Amino acid sequence: MTTGCIILAGGAGKRMKTEKPKVLCEVLKKPMLAWVLDCAREFGFDKIGVVSGYRREMTEGFLNANYEDISVFYQDEQKGTGDAVSRAEELIRSVDRVCVLCGDAPFMDARTLKSAFELHEKTNAGVTVISAELYEPFGYGRIIRDSSDRFSAIREQKDCSPEEAKICEINSGAYWFDSEALLSALPKITNKNASGEYYLTDCVEIIGNAQAYKSENPAITFGANTRADLYRLNEKARTSVIERLMDEGVSFISTDGIIIGNDVKIGADTLILPNTIILGKTVIGKNCEIGANSRIEDCVIGDNVFLDNVKAVSATVEDNVKIGPFAQLRPGTVIRRGVKIGDFVEIKNSEIGENTSVAHLTYLGDSDVGRGVNFGCGCVTANYDGINKYRTVIGDDAFIGCNTNLIAPVKVGNNATTAAGSTITKDVPENSLAVERGQMRVIENWDKNFKRKKK
Ligand code: UD1
Ligand code: CA
C-alpha cells in the first residue's frame, strides 16, 4: 500500500499583512510550512507534494533550498481547497491513499496521522477527516452528524445554520482519502456556497463513506490568520518545547525571554538562563550553562560548556569550553576541548586547538590555531587585503603578545612568541621571538606642563 501527502500552501493570508505567502510566516523562527513538512517526513509518506499559489516563487524558493525531494504543484488562482487538491492529480494517481494537510496548521503530528490512517483502513472509509473539539469553534468547518450519529458532512462557518454553528467538533483541515474516491469526487465539487469557492470539504457528502477521527489534542487544528494568532502559536510552541526539555532533564531557573526551536536537542543537567535564544538544528550536550543573553543557531556544543552572553552561528564547540561574556562565534568556527574565550572576542571560520586561551578583545578570522596557544589582549588577524582572504596558521604552544597584528597569509611556528605591539608580516620560525616595533626613545627632564606655560 502506497501513501502520498498533499500540503496546501497556496493561500495569501491577507489578514496577516505580510508580503510572504501565509505558510511562510514563522512559529519559533521556522515557517509554518516547515512544521507541516517535518510532520509529513516523520510519518514517512512515499510521496509528498506541496500546492503553491500566491507568491509561488517564495514558497518554491524555500522548498528548493530546504526540501529538495518534494514535488510542487501550482494553483494559479486561489479558488478554494478543493481546486487546490485537484492540482496535485498526478500525485493522487500515483498512490493508493492520500493525506491532505493544511500548510498553515503547524502542530499536526505524525502520531495523529497514524491513528487516523488506522481508523481509515479498519473501516474501509472513502474519506477520514481528522477532527477535534474546541471551546471556540468559530471560523472552522463543523462536523455534522445525522440522527444516528453518523458523520455526514462538513459545514463551513459562513454556511452554518445557527444550530450548526453551536457544534464544537470541527474539521482540522487534515484528511485521509482513498485515492480513487478522491479522484472521482474532485470533478463533482461545485462553488455553490457562501464563499463561491470549491470546498474540499464537500468530498464528505460526495464520497459518502466517511469517518471522523477525533483527536484528543485540539492544538493539531490551530492555525494563524492574523499576527495575534501567530503570536499565540509562538507562545504555545515556546512553552511546549521548554516543557519537553524539562522532561528530558534540562534546567530553567526562569523561562523569561527563553526561546528554543522545536528541533533543538539539549542534554540533561544543562541549565538555560534567561533571554537565551537557541534555534535551528542546534545540539547541546550535558551539564552546560547557556546564557544569560545568548543566541545560538545551528551549533553543535559538547558537554560541560559554559556560554555567557555569547552569539554563535554554525559553529562547533567541544567539551569543557568556557566562552564569554560578550563573544561571537561566526560560521565555520571549531573550538576544541578545554579552550577559554573571554570578553569581546570574535572568531570566524577558524579552528582553535585544545586548551588555547583567547582571553580578551581579539579577532581571529580564517585561522588555524594549535593547542595550548596563549593570546594576549587585543590580537588581530588581518585576514582580508580588500580583495582576497588569507589564512593565519599558529603552531602549538605559541605565545601571541598583546596587540599583535598578524597580517595573513602568515605562519607562527610551534612554541614561537610574538612581542607585544608587533605587526607580523613574515613567518615566525618555531621556538623564536619576533619583535617588530621601533626602539623606544627616552627624553629626560620632560616638563609635562610645557605647552600650558608657553600660552
Ligand atoms: C479550511 C476548511 C475548514 C477547516 C479549516 C481548518 C475548507 C473549505 N475548509 O478552512 O473546514 O476547519 O480549513 O483550518 O477546506 N489554500 C490553497 N488554495 C486555495 C485555498 C486555500 O492552497 O484556493 C490553502 C491555504 O494556503 C491553507 C489551506 O489551504 O494552507 C486552508 O485554506 P484556508 O483558506 O485557510 O481554509 P479555512 O477557511 O481555514
Ligand atoms: Ca485556515
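A polar contact is taken here as a pair of N or O atoms within 3.5 Å, where, within protein, one atom must be able to donate a hydrogen and the other to accept it, and where residues adjacent in sequence count only if both atoms are side-chain atoms. The structure is a predicted model, in which local features need pLDDT of at least 70 and side-chain atom pairs count only at pLDDT 80 or more, whereas totals for chains, interfaces and linings use all residues. Residues are numbered from 1 along each chain as its sequence is written, chains are lettered from A and ligands numbered from 1 in the order in which they are written, and side-chain values use heavy atoms, with hydrogens and water left out.

One such polar contact, of 2.7 Å, joins the side chains of S52 and E60. S52 lies in strand β4, helices (H or I, at least four residues) and strands (E, at least two) being DSSP runs numbered from the N terminus. With a relative accessibility of 0%, S52 counts as buried, a term that means under 20% relative accessible area, while exposed means over 50% and partly exposed lies in between (1.4 Å probe, protein chains only). Strand β4 as a whole is mostly covered, since 5 of its 6 residues are buried. Two strands are said to pair if DSSP finds at least two bridges between them, and β4 pairs with β1 in the parallel sense over 6 bridges, with I7 standing opposite V50 in β4. Strand β4 is also joined by 4 bridges to strand β5 (residues 71-74), the two running parallel, and here G49 stands opposite S71 in β5. R55 counts as partly exposed, at 31% relative accessibility.

Around ligand 1 there are 20 residues, of which G10, Q75, T81, E156 and N171 come nearest; a residue is near a molecule or strand if one of its heavy atoms lies within 4 Å of it. A polar side-chain atom of T81 lies 2.6 Å from an oxygen atom of ligand 1, and a polar side-chain atom of E156 lies 2.7 Å from an oxygen atom of the ligand. N171, by contrast, places a backbone N or O atom 2.7 Å from an oxygen atom of ligand 1. Taken alone, ligand 1 exposes 750 Å², and the protein buries 85% of that, accessible areas coming from the Shrake-Rupley method with a 1.4 Å probe and, for residues, with only the protein chains shown counting as cover. The elements that give two or more residues to the shell are β1 (3-9), α3 (81-86) and β10 (169-178). By class, this shell has 6 nonpolar, 11 polar and 3 charged residues, where Ala, Val, Leu, Ile, Met, Phe, Trp, Tyr, Cys and Pro count as nonpolar, Asp, Glu, Lys and Arg as charged, and the others, Gly among them, as polar.

An open sheet is formed by 9 strands in the order β14-β17-β20-β23-β26-β28-β30-β33-β36, with parallel pairing. Strands β14 (265-266) and β36 (410-412) stand at the edges, each with a single partner strand, so one side of each is left without a neighbour in the sheet. Within the sheet, strand β17 (residues 283-284) and strand β20 (residues 300-301) pair in the parallel sense over 2 bridges, and V283 stands opposite V300 in β20.

Several backbone features fall in loops. The peptide bond from A408 to P409 is cis, with omega near 0°, and P409 is found in the loop between β35 (405-407) and β36. A cis peptide bond also joins G291 and A292, with omega about 0°, and A292 lies in the loop between β18 (289-290) and β19 (295-297). N415, in the loop between β36 and β37 (417-418), has a positive phi near 60° although it is a residue other than glycine, and at 43% relative accessibility N415 counts as partly exposed.

A search of the whole structure finds 0 disulfides, a disulfide being a pair of cysteine sulfur atoms within 2.5 Å. The sulfur of C203, a residue that counts as buried at 1% relative accessibility, is 13 Å from the closest cysteine sulfur, in C102, which is too far for a bond. C379 is likewise buried, with a relative accessible area of 0%, and its sulfur is 6.5 Å from the closest cysteine sulfur, in C402, again too far for a bond.
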